[in-house]
Amino acid sequence: RIQRRVMPCRRDIDAFAPSFLAIFESLVPAEEEKAKQRQLLLSLSKLINKEWPNAQLYLYGSCANSFGVSNSDIDVCLSIDDTEISKADILLKLADILQSGNLQNVQALTRARVPIVKLMDPVTGISCDICINNLLAVVNTKLLGDYAKIDARLRQLAFIVKHWARSRRVNETYQGTLSSYAYVIMCIHFLQLRRPAILPCLQAMEATYVVTVNSTKYAYFDQVEKLNGFGGRNKESISRLLWAFFQYWAYHHDYTNDVISVRMGSIISKQAKDWTRRIGNDRHLICIEDPLEITHDLGRVVDKFSIKILREEFERAANILQYDPKPTVTLFEPY
Ligand code: ATP
Ligand code: MG
């Protein structure tokens with residue numbers, strides 16, 4: 001087990017909090033962008049309901065979980081119980097409907113891991129991915145959104161980490177680095193483990209929200225307004241948390257043995273999950289348990305090349321936050 005001495009934080013770390021907060025504010029989408037997203041969802045629903053009166057569209061992903069930066073694409077899920085036709089045929093029909101509804105660049109990706117239809121709306125300029133019956137993604141969207149309501153520092157941290165990941169090109173799953181969703185999970189887990197804790201473990205509390213998807217039951221405490229002030233005893237500033245986040249992933253996380261688990265609110269062992277060796281394409285070089293699909297390692301996209309890149313970027317970020325005179329600039333310098 002690696003036991004590295006915790007490095008004392010630079011003495012002026014809190015002085016950078018206002019600048020990091022300003023960066024966060026600049027990334028938050030304006031109200032008019034939110035309004036455009038709702039307008040697009042409404043017009044898509046109208047089009048689709050002409051063909052399938054019982055179908056419903058849900059927003060999910062970062063536009064619905066409050067972790068979306070401005071100008072992101074929106075993620076939409078079509079919920080439909082048409083057992084007559086296959087998913088691929090639904091997608092193709094959906095693409096037809098959208099095409100004749102004057103949407104642009106309509107493309108059905110029927111063979112993707114998550115099959116989707118892509119489109120661009122010329123009225124709002126927003127791009128959108130539509131998937132079919134992916135209700136688990138709607139549930140994890142709610143879970144992330146509920147965590148965000150408990151302590152403002154989660155959104156601040158996640159926006160800055162996402163912005164860093166994008167600037168440094170380590171937010172590209174097709175290149176073997178991590179998804180935005182995985183980064184948000186890493187932030188939640190990190191705040192659950194601060195002492196005093198900044199976030200609770202909602203799945204370990206009495207369930208007030210229960211939902212069944214594909215005959216599996218998911219449950220957690222969702223009355224988060226009752227948890228207002230939960231993290232109040234912890235006074236760490238956003239810059240101190242960022243420093244500690246990158247210190248953790250650069251120097252303290254045990255990549256050989258540990259899995260981070262938001263579901264448990266703790267570290268669990270790779271051994272216990274049988275994630276100790278490569279199975280098929282799943283290499284488990286950095287283990288991030290999906291809070292709902294618990295057999296699913298969000299780090300499985302990472303390979304022996306990208307793990308090196310990722311860890312070097314964590315170290316670079318940690319060192320910048322520790323030593324750089326202008327961390328709020330240097331951290332985001334393009335790769
Ligand atoms: P961005 O702002 O970068 O678009 P995002 O939160 O929308 O961020 P995406 O990676 O686009 O993240 O994923 C969209 C949604 O799809 C996530 O919020 C999550 O609900 C779901 N999702 C993405 N990747 C996974 C995954 N590996 N396992 C389960 N659900 C996932
Ligand atoms: Mg998205």
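A salt bridge is counted here when a side-chain nitrogen of Lys or Arg lies within 4 Å of a carboxyl oxygen of Asp or Glu. The structure is a predicted model, in which local features need pLDDT of at least 70 and side-chain atom pairs count only at pLDDT 80 or more, while totals for chains, interfaces and linings use all residues. Residues are numbered from 1 along each chain as its sequence is written, chains are lettered from A and ligands numbered from 1 in the order in which they are written, and side-chain values use heavy atoms, with hydrogens and water left out.

**View 1. A salt bridge joins Asp 151 and Arg 153.** The closest N and O atoms of this pair are 2.9 Å apart. Both Asp 151 and Arg 153 are buried, where buried means under 20% relative accessible area, exposed means over 50%, and partly exposed lies in between (1.4 Å probe, protein chains only). By the salt-bridge rule, the count comes to 15.

**View 2. Asp 12 pairs with Arg 10 in a salt bridge.** The N to O distance between these two side chains is 2.7 Å. Asp 12 counts as partly exposed because its relative accessibility is 36%, whereas Arg 10, at 13%, counts as buried.

**View 3. Asp 274 and Arg 277 form a salt bridge.** Their closest N and O atoms are 2.9 Å apart. Asp 274 is partly exposed, with a relative accessible area of 40%, and Arg 277 is partly exposed as well, with 42%.

**View 4. Salt bridges link Lys 142, Asp 146, Lys 149 and Asp 222 in a network.** Side chains of opposite charge can pair when their charged atoms come close.

**View 5. The largest pocket has a volume of about 1,700 Å³.** A pocket is an open set of points on a 1 Å grid over the protein atoms alone, where a 1.4 Å probe fits and protein lies on both sides within 12 Å along at least five of seven lines; lining residues have an atom within 4 Å of a point. The volume is the space filled by probe spheres set on the points. Of the 43 lining residues, Tyr 60, Asp 75, Arg 113, Thr 173 and Ser 179 lie nearest the centre of the pocket.

**View 6. Helix 5 gives the most to the lining of the largest pocket, with four residues.** Helices are DSSP runs (H or I, at least four residues), as are strands (E, at least two), numbered from the N terminus. Among the elements that each supply at least two lining residues are strand 4 (116-120), helix 5 (135-150) and helix 7 (180-192).
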